[in-house]
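Student: I would like to learn how to read a few backbone and helix-packing features. Can we work through them on an example?

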Protein chains: 2
Amino acid sequence: MRIAQIAPLAEAVPPKLYGGTERVVSWLTEALVEQGHEVTLFAAGGSNTAAKLIPGCDRSLRLKGIHDHTASNLVMLDKVRRHADEFDIIHCHIDVLQYPLFQDLSHKLVTTLHGRLDLPDTWPIYEAFPHMPLISISNKQREPLPAGLNWLATVYHGSPEKVCPFNEKGGDYLAFLGRLSAEKRPDRAIEIAKKAGVPLKIAAKIDDVDLAYFKAVVEPMLDHPLIEFIGEIDEDEKCSFIGNALALLFPIDWVEPFGLVMIEAMSAGTPVIAWREGSVPEIIQDGVSGIIVDSIDMAVDAVERVRSMDRRKVRRYFESRFTDKHMTRNYVDAYEKLLGVTRSRRPIESRKAIDGLRRRKDPRLDGTALFMTSDDDENRS
Amino acid sequence: MRIAQIAPLAEAVPPKLYGGTERVVSWLTEALVEQGHEVTLFAAGGSNTAAKLIPGCDRSLRLKGIHDHTASNLVMLDKVRRHADEFDIIHCHIDVLQYPLFQDLSHKLVTTLHGRLDLPDTWPIYEAFPHMPLISISNKQREPLPAGLNWLATVYHGSPEKVCPFNEKGGDYLAFLGRLSAEKRPDRAIEIAKKAGVPLKIAAKIDDVDLAYFKAVVEPMLDHPLIEFIGEIDEDEKCSFIGNALALLFPIDWVEPFGLVMIEAMSAGTPVIAWREGSVPEIIQDGVSGIIVDSIDMAVDAVERVRSMDRRKVRRYFESRFTDKHMTRNYVDAYEKLLGVTRSRRPIESRKAIDGLRRRKDPRLDGTALFMTSDDDENRS
């Protein structure tokens with residue numbers, strides 16, 4: 001297939017530091033190329049890919065010091081529009097800006113929603129364009145949206161097996177990794193460690209918006225012999241940090257749509273002690289790849305229980321569900337499902353017919369065509 | 001003319017409380033209707049207008065508790081698109097979201113930029129679509145943007161004469177009105193008042209983002225017999241608050257693109273003591289409608305000088321440049337200039353020809369047509 005991947009511009013693909021979505025887009029893009037697909041990546045200049053790169057902007061918006069990404073994304077989407085008839089599938093990872101512009105491409109445009117959907121701000125667009133194909137990153141994620149949307153699938157993120165290598169031995173500390181925000185509940189992690197009498201290492205950056213929370217809640221809890229705050233770490237350090245741990249603590253208090261760090265821990269063989277929130281029950285198999293808890297006391301018990309868990313089984317669970325190969329297969333299935341919906345309207349007997357189909361506008365739309373192609377022109381003349 | 005006005009959705013038009021852009025759009029819309037134009041207003045439900053209202057959303061996004069306006073604006077723009085061929089002119093007041101979708105309507109779509117343009121975040125869109133017609137609200141405002149854009153005009157805001165009625169007597173206090181943010185420099189206002197020995201009344205709301213600045217800088221300066229902080233006031237109170245003042249203090253420290261409060265003060269006959277920043281030299285006639293200063297000492301001197309200024313001359317200056325009638329005439333001139341540019345490409349001899357022209361796509365674009373109209377279809381068949 002000829003596939004376009006449309007990445008956020010905040011970071012390069014893959015990102016140099018943080019940037020969960022850009023990392024996932026990178027894994028998917030490289031795996032698609034490896035499988036022989038003809039992939040074009042629209043992403044920030046400076047991205048590194050085996051696909052054809054069309055820069056949406058000259059370098060990542062973080063490096064450019066740009067906070068409002070709207071204008072840059074619109075410019076990138078206009079580039080996508082100019083190339084649209086070169087692709088069988090256009091796969092967007094940037095939420096909502098593409099909707100009005102690409103509404104007549106619903107036969108080949110699919111959007112993965114990467115963010116939380118429990119805030120009403122984006123709902124009007126899904127209500128206005130219910131025919132646009134969507135993919136969620138967990139089943140839980142899509143619950144707040146209205147019924148009747150065109151969900152193609154849930155596709156869980158998957159990382160290459162080598163990214164966080166299996167660590168058979170693990171270690172003797174609990175790990176907390178991520179932003180130090182109220183919804184990630186580092187305070188719970190600290191409480192669990194103190195009650196369990198087990199060391200906790202916190203590797204996290206503190207965003208400006210979280211500084212007040214950090215000062216008020218977290219900092220006063222840090223002065224304890226069991227608690228070590230090691231600050232921000234990079235990608236390479238991250239996997240050894242998680243891999244060398246007894247368990248990852250994931251005591252979230254919000255509807256986390258996925259939680260990439262959980263699969264990175266499982267990849268390293270490190271079980272996850274996670275709160276029963278958001279996507280957690282879909283990602284952790286309780287008792288196999290981690291322990292799902294509802295309270296501090298349950299989590300303290302879990303710290304004892306994980307000592308007897310088989311790290312090889314944790315890794316095998318990761319290998320059976322959350323590699324980039326699983327993700328890529330599921331995405332290709334979704335692409336084929338989308339194209340199949342279109343195909344079923346008219347029998348296809350040749351590559352030429354598929355090529356023609358690619359350019360046909362979505363018959364579900366009664367509006368004006370946003371795109372005319374040379375095929376359409378020929379049909380008219 | 002058949003004119004569409006596209007307002008921001010943050011507030012109703014006119015706004016119940018704050019909302020400078022929504023207020024200006026309301027003044028323009030009502031004046032256009034009064035002049036016999038056929039006006040359609042796209043704005044939040046609950047707006048109040050003599051034009052035809054097409055709600056972009058059911059009620060203002062502030063009332064809905066929506067912070068990210070993107071999705072709602074996109075849904076509104078899609079409604080505009082469906083009605084686009086019903087208008088001779090489409091006048092956008094919402095910055096950048098309309099660009100890719102409406103790029104082939106540059107013969108009849110004009111955007112007034114209401115915000116600051118000195119931050120790089122929006123620049124990519126102007127660079128990518130330099131042919132799109134723009135209107136600035138001051139000459140100073142447009143300076144940061146690259147050369148070669150399609151500026152039609154600068155059109156200053158204008159308010160109806162009755163909004164802030166002339167107050168011949170004025171009063172004996174200095175007035176400060178607006179957000180208590182660092183760039184508005186309420187600290188300068190307080191310093192001026194104390195040095196001049198003249199009472200200062202501060203009517204202002206404190207936004208969440210400004211709270212830290214208020215606590216650190218402004219609050220400690222308030223405890224003084226000359227300084228009175230009266231909090232947030234509504235539109236009606238605003239005009240008597242300004243009208244009863246000796247002078248308005250406008251000691252800004254940023255590139256303010258317009259500053260509506262300056263013309264409201266002049267409307268009431270109250271001279272403005274303003275820093276030489278942003279649009280100030282374009283709006284205040286030094287020595288006639290106010291005094292332009294560069295320092296605290298100059299401002300303290302100005303407080304003495306304004307006592308001898310003729311408030312009738314201040315009002316007359318407002319009446320000669322900043323009423324809704326001036327603004328509306330200037331906008332209609334800009335609309336005609338835009339249509340004239342198009343007209344000049346082909347002689348027009350009848351209303352029918354104008355109607356046809358209205359639907360033609362911009363020949364400066366080499367891209368694919370975003371809109372097909374029945375005319376286009378007929379031309380093809």
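Student: At what angle do the axes of helix H10 and helix H13 of chain A cross?

Tutor: Start with the terms. Helices are DSSP runs of H or I with at least four residues, strands are E runs of at least two, and both are numbered from the N terminus. Axes are lines fitted to C-alpha atoms, for helices over the stretch in contact, and angles run from 0 to 180 degrees between N-to-C directions. Here H10(A) (residues 260-268) and H13(A) (residues 311-321) cross at roughly 130°, and their axes come within 7 Å.

Student: What do we call the orientation of H10(A) and H13(A)?

Tutor: Angles under 35 degrees count as roughly parallel, over 145 as roughly antiparallel, 65 to 115 as roughly perpendicular, and the rest as oblique. H10(A) and H13(A) are therefore oblique to each other. Their crossing is left-handed. That term applies if the near helix is turned anticlockwise from the far one by less than a right angle; clockwise is right-handed.

Student: Which residues make the contact?

Tutor: Contact means heavy atoms within 4.5 Å. H10(A) brings Ile263(A), Met266(A), Ser267(A) and Ala268(A); H13(A) brings Arg311(A), Val314(A), Arg315(A), Tyr317(A) and Phe318(A). That contact divides into 6 nonpolar, 1 polar and 2 charged residues. Ala, Val, Leu, Ile, Met, Phe, Trp, Tyr, Cys and Pro count as nonpolar, Asp, Glu, Lys and Arg as charged, and the others, Gly among them, as polar.

Student: How far can I take these values?

Tutor: This is a predicted model: local features need pLDDT of at least 70, side-chain atom pairs count only at pLDDT 80 or more, and totals for chains, interfaces and linings use all residues. Residues are numbered from 1 along each chain as written, chains are lettered from A and ligands numbered from 1 in written order, and side-chain values use heavy atoms, without hydrogens and water.

Student: How are H6(B) and H7(B) oriented?

Tutor: H6(B) (residues 186-196) and H7(B) (residues 211-218) pack at about 25°, with axes 10 Å apart. They are therefore roughly parallel. The crossing is right-handed. Pro186(B), Asp187(B) and Ile190(B) meet Tyr213(B), Val217(B) and Val218(B).

Student: Which peptide bond of chain A is cis?

Tutor: Read omega. The bond joining Val13(A) and Pro14(A) is cis, at about -5°. Pro14(A) sits in the loop between strand E1 (2-6) and helix H1 (20-34).

Student: Where is Asp95(B) found?

Tutor: In the loop between strands E4 (89-92) and E5 (109-112) of chain B. Asp95(B) has a positive phi of about 70°, although it is not a glycine.
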